[in-house]
Amino acid sequence: MSSPTGPASGLPVRMPRPRQPGRHRRPEPLAAPEGAPAFVLAVPGTSSAATRSLAEEVVSIARSELPGLDARIGYLDGDDAEFPTLQSVLTRAAEERTARYEQARAAGADVTQPDGPVAVVVPLLAGPDNALLRRVRQAVMESRIAADLTDVLGPHPLLAEALHVRLSEAGLARADRARLFTVATAADGIILASVGGEEAVQAAGITGMLLAARLAVPVMAAALDEEGAIAATAEQLRGSGSQQLALAPYLIGPEIDAGLLDAAAKEAGCSAAEALGPYPAIGKLALAKYTTALGIAPQQPQGAPVR
């Protein structure tokens with residue numbers, strides 16, 4: 001028997017935590033709305049264990065940022081066995097949504113027939129690559145599934161932060177300009193390598209300006225897939241006074257053969273940082289594309305301040 005103040009047994013009662021008053025209270029955590037479209041990460045490049053590990057880590061970051069997220073991975077060059085193709089992932093998401101609706105109806109639940117997009121497809125690309133984006137659009141069209149396709153992840157200040165971290169990990173930049181120490185191998189000129197033609201170079205250049213502000217060294221973007229572009233950019237940087245260059249890939253990783261990066265670094269006569277990979281900002285930016293498409297995000301993730 002219970003009393004107005006709680007159970008008569010004397011067991012402790014778990015009361016809801018009161019919200020912190022005032023303008024500095026913590027915001028309520030965002031969660032995926034019930035029945036929200038699936039988040040589908042479209043992964044370019046050759047399918048491999050390394051690619052899968054990277055994609056799974058990006059998706060894991062997105063899930064941790066948005067509890068309840070239905071996150072899936074579709075490969076442009078999948079085999080539908082170990083690496084499901086983007087088209088098959090979209091088809092399965094649609095089938096599962098229909099099955100949930102029919103099961104709810106059979107159980108007597110008062111549910112409305114689902115409408116709107118089945119999924120939001122987010123390309124795992126830092127910058128525009130028309131050839132790869134054309135393949136993503138084609139896969140979505142051939143699936144005959146209602147799905148929204150977002151823009152690529154960049155340009156964004158968080159990508160400049162990620163590039164800075166990758167350069168510092170390779171010993172090619174100071175980790176923090178505010179600290180009084182030097183890096184003997186720090187570059188005094190950065191080549192920001194992209195793929196996707198002139199449009200991709202221009203987009204990389206925007207992030208490059210943010211990176212230049214962080215490092216206080218000149219940064220120039222160049223196309224990996226344009227013959228002689230990397231060497232020409234290296235020559236231009238050296239002509240303007242930079243002597244110790246570094247190559248920073250403006251790439252997630254799977255979209256390009258690693259051998260092309262090694263060849264470009266040799267062509268420029270400099271060392272190279274690793275591709276962006278599963279840096280936490282990648283997962284956050286991918287999720288931001290999803291939530292913005294659904295209109296459930298108050299704002300895009302913010303970059304770290306320049307130090």
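Is Glu96 buried or partly exposed, and what is its relative accessibility?

A: Glu96 counts as partly exposed, at 25% relative accessibility. Here buried means under 20% relative accessible area, exposed means over 50%, and partly exposed lies in between, computed with a 1.4 Å probe on protein chains only. The model is a predicted one, in which local features need pLDDT of at least 70 and side-chain atom pairs count only at pLDDT 80 or more, while totals for chains, interfaces and linings use all residues. Residues are numbered from 1 along each chain as its sequence is written, and side-chain values use heavy atoms, with hydrogens and water left out.

Glu96 takes part in a salt bridge with Arg72, at 2.6 Å from N to O. A salt bridge is defined as a side-chain nitrogen of Lys or Arg within 4 Å of a carboxyl oxygen of Asp or Glu. Because Arg72 belongs to strand β4 and Glu96 to helix α2, this pair ties together parts that are 24 residues apart in sequence. Helices (H or I, at least four residues) and strands (E, at least two) are DSSP runs, numbered from the N terminus.

Arg92 is exposed, its relative accessible area being 52%.

The structure holds six salt bridges. One of them joins Glu82 and Arg52, whose closest N and O atoms are 3.0 Å apart. This pair links distant parts of the chain, 30 residues apart: Glu82 sits in the loop between β4 (71–77) and α2 (86–106), and Arg52 in helix α1 (residues 49–65). Glu82 is partly exposed, with a relative accessible area of 46%, and Arg52 is likewise partly exposed, at 23%.
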